[in-house]
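Hello,

Here is the structure I promised to send over. Have a look at it first, and then read on for what turned up in it.

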Amino acid sequence: MSAFKPCIVIPVYNHEHAIGAVLESLRGFGLPCLLIDDGSNAACQRVLEQLATQHAAWVSLKRLDVNQGKGGAVSAGLFWANELGYSHAAQIDADGQHHTPDLTQFIHAAQTQPAALIAGQPVYDESVPKGRLYGRYATHIWVWINTLSFAIKDSMCGFRVYPLAATCALLQREKLGSRMDFDVEVMVRLYWAGMNIVQLPTPVQYPLDGVSHFAVWRDNVLISRMHAKLFFGMLWRSPRLIARWFRS
């Protein structure tokens with residue numbers, strides 16, 4: 001594997017009121033930051049251009065003319081980071097829900113285990129809506145079925161550090177969901193490909209700007225379809241997944 005050279009990737013879609021604070025919280029880490037403007041409105045576009053100019057020494061901006069969805073924006077950011085020669089990309093959401101001081105331990109874990117996916121395992125406070133909290137368990141159960149393992153504790157947290165070479169190779173050979181189904185699917189498929197998943201507890205709070213792009217009906221349909229697709233993918237991989245139990 002090439003020398004450890006991490007960066008930060010932040011997909012942004014209409015979070016003009018939160019992204020400035022997120023960047024400010026990341027400034028002290030001394031890592032290059034790639035902002036992916038996922039076809040945001042004019043107000044957010046202006047804010048992102050101002051921030052990229054203001055922080056030109058460490059922030060770069062790429063705009064997608066048409067909104068791709070979170071998965072599409074993250075994929076664009078990962079490919080961009082890989083082209084620029086980075087070895088790892090820390091994905092952080094633009095709405096301020098992630099506890100960015102934990103980036104230190106995420107980067108340290110990635111440096112210690114460079115072939116693994118480092119992912120957050122959310123620790124919620126009392127503000128989390130119970131419906132959403134319990135709803136995540138449906139996905140947890142499907143992920144446990146589709147990996148024949150309890151290795152993945154939470155597949156929905158978007159705070160993670162990807163090893164770029166292996167992840168971009170996966171994204172080139174597989175067509176993944178491009179919206180909220182991406183985070184789950186890419187983690188399951190990386191596990192299928194033999195990657196270790198390392199999960200670190202991290203506090204998660206609800207968005208600073210109160211903006212969520214999770215479309216309940218559309219995204220739940222996409223996630224249900226994704227689970228079904230992964231289930232049939234698991235069936236023919238099951239001998240290899242079971243054999244993995246005995247190697248670990």
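The protein chain has 8 helices and 7 strands. Its radius of gyration is 17 Å, close to the 18 Å that the globule rule gives for 248 residues, so the chain is as compact as a globular protein of that length. Please keep in mind that this is a predicted model.

First, the overall picture. The C-alpha trace spans about 55 × 40 × 35 Å along its principal axes. Of the 248 residues, 50% count as buried. Among contacts with a separation of 6 or more, 82% are between residues 24 or more positions apart. The chain exposes about 11,600 Å², and 58% of that comes from carbon and sulfur atoms. As for charge, there are 22 positive and 19 negative side chains, with the centres of the two sets 9 Å apart.

Thr147 belongs to helix α5, which covers residues 130–147. Thr147 counts as buried because its relative accessibility is 1%, where the cut-off is under 20%. A polar atom of the Thr147 side chain lies 2.7 Å from the backbone oxygen of Val143. Leaving aside residues up to four places away in sequence, Thr147 touches Ile152, Val188, Tyr191, Trp192 and Leu241.

Arg173 sits in helix α6, residues 164–173. With a relative accessible area of 53%, Arg173 is exposed, since that term applies over 50%. Between Arg173 and Val47 there are 35 Å in space, C-alpha to C-alpha, and the two are 126 residues apart in sequence.

Best wishes

How values were computed
Residues numbered from 1 in each chain as written. Predicted model: local features only at pLDDT ≥ 70, side-chain atom pairs only at ≥ 80, totals over all residues. Heavy atoms only, no water. Helix = DSSP H or I, 4+ residues; strand = E, 2+ residues; numbered from the N terminus. Buried < 20%, exposed > 50% of the residue type's maximum accessible area, 1.4 Å probe, protein only. Polar contact = N/O pair within 3.5 Å; in protein donor to acceptor, adjacent residues only side chain to side chain. Contact = heavy atoms within 4.5 Å. Rg over C-alpha atoms; globule rule 2.2 N^0.38 Å. Areas by Shrake-Rupley, 256 points an atom, 1.4 Å probe, with all protein chains shown as cover. Lys, Arg positive; Asp, Glu negative; His and termini not counted. Charge placed at Lys NZ, Arg CZ, Asp CG, Glu CD.
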